[in-house]
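The points are meant to be read alongside the structure.

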Amino acid sequence: MSRSQPTEVGDDADAESESFTGQGLPRVEDHRILTGKAEFIHDITPDNCLHMALVRSMHAHAEIESIETSEAKAHPDCELVLTAEDLKAEYNPMPTGIESVETEDGEADLFEWSLADEKARFVGEPVVAIVASNRYAAEDIADLVTVEYNSIDAVADGMAAREDDVVVHEHAGTNVVDHERIEFGDPSGAFDDADTVVEGDYSWGRISGVPLETAGVVARYDEDGDSFDIDCNIQLHTLVDNMIYETLGYGEDDVRVNVPADVGGSYGTKIGIHRYCCLAAMASQQLEQPVKFEEDRIENLQGGDMHCSDREYEMRMAVDDDGTIRGLEVWFVDDFGAYPRYPVNQVLKPLSVVTNSYDIEDVTYEYDLVLTNKTSQTAYRGFGVDPHIYALEMVVDKAAREIGMDPTEFRRRNMIQPEQMPYTLPSKNIYDSGDYPATLDRIQEIIDDERDGGLLDPEVVEAKREEGKYRGVQPSVIIEPGVSGSDWTDRQRSDRDALEDRDRDDVEELPEHLRATLEDDGTVTASLATDSSGQGHQTLVSQLLADELEILPSDIEVDYLDSIDAPTEYGSAASRMAVMLSGATVGLAEKFVANAKAVAADHWGVSGEDISYRDGALERIDTGDSLSLADLAAIDDADRRLTQVSYNYDHPATEFEEFDEAFSRKFPVYPTAAFGANAPIVEVDVETGEVDILTFHTVRDCGTMLNPMIVEGQAHGGIAQGIGASLLEEFGYEDDGQPQAITLFDYLLPSIENVPEIQMEHTETPSPYTETGAKGVGEGGMIDAPASIATSINAALEPLGIDEPADQIPVAPDHIRKNVRDLE
């Protein structure tokens, strides 16, 4: 089954006169969204559909002593009540990212049931599922359930969790469920020989994407086929569908997962919604009716398993007096919440950019992954790179000031040079191309202009200081890793010692699958195997395929495949799709044209060499006879060669030997490195602690821009998210594990009042590793804006002598006020 939405383009350019790729064509998705024709999961309600509500724990850590459901079951609108005991009788626990830990008595499993079993481990954890005729009735019935708890001590701080005074999963004996220390080069020697060692501690708080559309699912069980059909807005539906079918106890071909063409936002936050899919499917099987669940906003914020990394960093940098960085040590603890939910490899992704834009050979990278009594983490935009870049840029600034060097000059002195490209990191990933110093020089030129009659004019700055408002800027540099491989993502479930001798031939990467069908009217339908959540994939494919087939984008419709029709693939994450889809589109078009020539050759009884393809038509060279694509569809032979065209584009790094060591050792492989530099000009009010970003300058390079409008949109949106992360957003917790932000009154999102004018420039340095020269661009802004804002706040308040006032994210007003008061 596929799902289709029209991919209209308003004013197609003349296919003969220009390339569509590289043009800022309007997104074809936007017309249906803006006209209300888009169909989201919340719009899907089949006939005879029942609705589910959940009874959730009010306690962060509590033993479940009893669950009384008799009054709920007696309600006339109640159709079904499910508890963990019901689930354990017929189904399986949900898979986790880390399945077990070693204990003195052997291995301890870290499984999670879809409903809390015997113990609640975070506020908002589902305990009972109620199914009723409508959601209002289901909520009323949920209030009739009585759960008796025995509340016990909770742990809500990642650093404290390492002490194991309170253990979230007591049978495991520890909260530290994963640890690794990796050394590259000779970091000990580098630190011993360096003139100066600089240390800095930094905190990164929990945030999230808070999508407009919360999680939703409609599940249907087919008794005749003993199978499930599940509509939901999960992300990576062909990759994580195993979380659903394994929990249900079925094979992958028995559980069809469909994702609508339109999803109201995700950026990783909907990868972990399989709990809802499983519960709705179980209820549908029990009742033999469709069951729907829609997460409300409080459920989403409180217990939606969609928070980002929650880290405490201890950074060390070895530097010489001439400004050379000799070595880097990274240590952090990452608070994953109550369960090590898939994915857990966000602690490893920073290895793909471990030294950012700097040429550093000797590095130590170490982490503790801990569990606490909070809702679980997921793969939020940036996937753990954003806190790493923040902590690294902070300690770079500190090191520069420690040795008395301008921080921008310190950066310039240590940057990877263009002649070093492609550049192999200590962690064996490779930066493909770029002139990093030139980008930093350009951003410095922009700042210099601001100092000459602009926002940073010395007279203006001094006058503002008289008002208690301090302006400043400190450029920071950007690397956005793109096009993640898939093989490395199970490193934590592998025998890591054995990876030293692993053979390159054992590496298994997932390709990008794309299909094309020639319709009777001569138009072409392309079918994506990945889901989308607003990135413009339909636009991108229609542009690329139009160029390759020499037809108009309006003659191409793009739809999506479900989890059974599509092969397993990585999907829409990790800044992959521009590269993977462009490569798949080029390969698919070549195959399509070859098939078209073969059909035409058979029709005319000539060799394929006697056929040319141009402007969407086949021409017989010797006679000048031609066939349009519509003609070709009418004569397509019994082999259906044109209606069966598909192509699998292999991950681009697999073609280059220089990635072999990273592949074989399961280090993160990201073969594109978008880069740039930021310079947000901030104004800090020392009386209130409030930070105003006056303007945000940025220079960015993502290789070949396939659609500049989409690139700009991704970058602007990412920067807005980064501003929210830096100054406003945080899922704080009390010491007893009670969440502090469960409404949008408490969780503060950025608006037009907080997001300034973004002054953006682009350069284009094509990647040598990708089909079109494009680089991944889906996570930029969120990855780099927080670091840039933090370094600029530090620069603004430097005249006051405050040491790193932005040593935590978010930089809340009360934190700045505390730093100011400490000086008084």
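Which residue of S14 does Ile 230 stand opposite?

1. In this predicted model, Ile 230 stands opposite Val 257 in S14. The strands concerned, S13 and S14 (residues 255-258), are paired in the parallel sense, with 4 bridges. Together with helix H7 (residues 242-248), S13 and S14 make up a right-handed β-α-β unit.

2. A further partner of S13 is strand S12 (residues 216-222), which runs antiparallel to S13 and is joined to it by 6 bridges. Here Val 218 is placed opposite Asp 231 of S13. The two strands form a hairpin with 4 residues between them, and Asp 226 in the turn has a positive phi of about 45°.

3. Strand S13 (residues 227-232) is largely enclosed by the rest of the structure, because 5 of its 6 residues are buried.

4. The structure contains 3 cavities of 30 Å³ or more. The largest has a volume of about 120 Å³; 13 residues line it, and the closest to its centre are Glu 480, Ala 674, Arg 700, Cys 702 and Val 777. S30 provides the largest share of this lining, 3 residues. By class, the lining of the largest cavity comprises 7 nonpolar, 3 polar and 3 charged residues.

5. The second largest cavity holds about 50 Å³ of space. Its lining includes Cys 308, Gln 346, Tyr 380, Arg 381 and Asp 386. This lining divides into 4 nonpolar, 4 polar and 2 charged residues.

Technical notes: Residues are numbered from 1 along each chain as its sequence is written. This is a predicted model: local features need pLDDT of at least 70, side-chain atom pairs count only at pLDDT 80 or more; totals for chains, interfaces and linings use all residues. Side-chain values use heavy atoms; hydrogens and water are left out. Buried means under 20% relative accessible area, exposed over 50%, partly exposed in between (1.4 Å probe, protein chains only). Two strands pair if DSSP finds at least two bridges between them. A crossover is right-handed if, with the strands pointing away from the viewer, the path from the first strand over the helix to the second runs clockwise. On a 1 Å grid over the protein atoms alone, a cavity is a set of points where a 1.4 Å probe fits but cannot get out, and a pocket is an open set with protein on both sides within 12 Å along at least five of seven lines; lining residues have an atom within 4 Å of a point. Grid points are joined across faces, edges and corners, and a volume is the space filled by probe spheres set on the points. Ala, Val, Leu, Ile, Met, Phe, Trp, Tyr, Cys and Pro count as nonpolar, Asp, Glu, Lys and Arg as charged, and the others, Gly among them, as polar.
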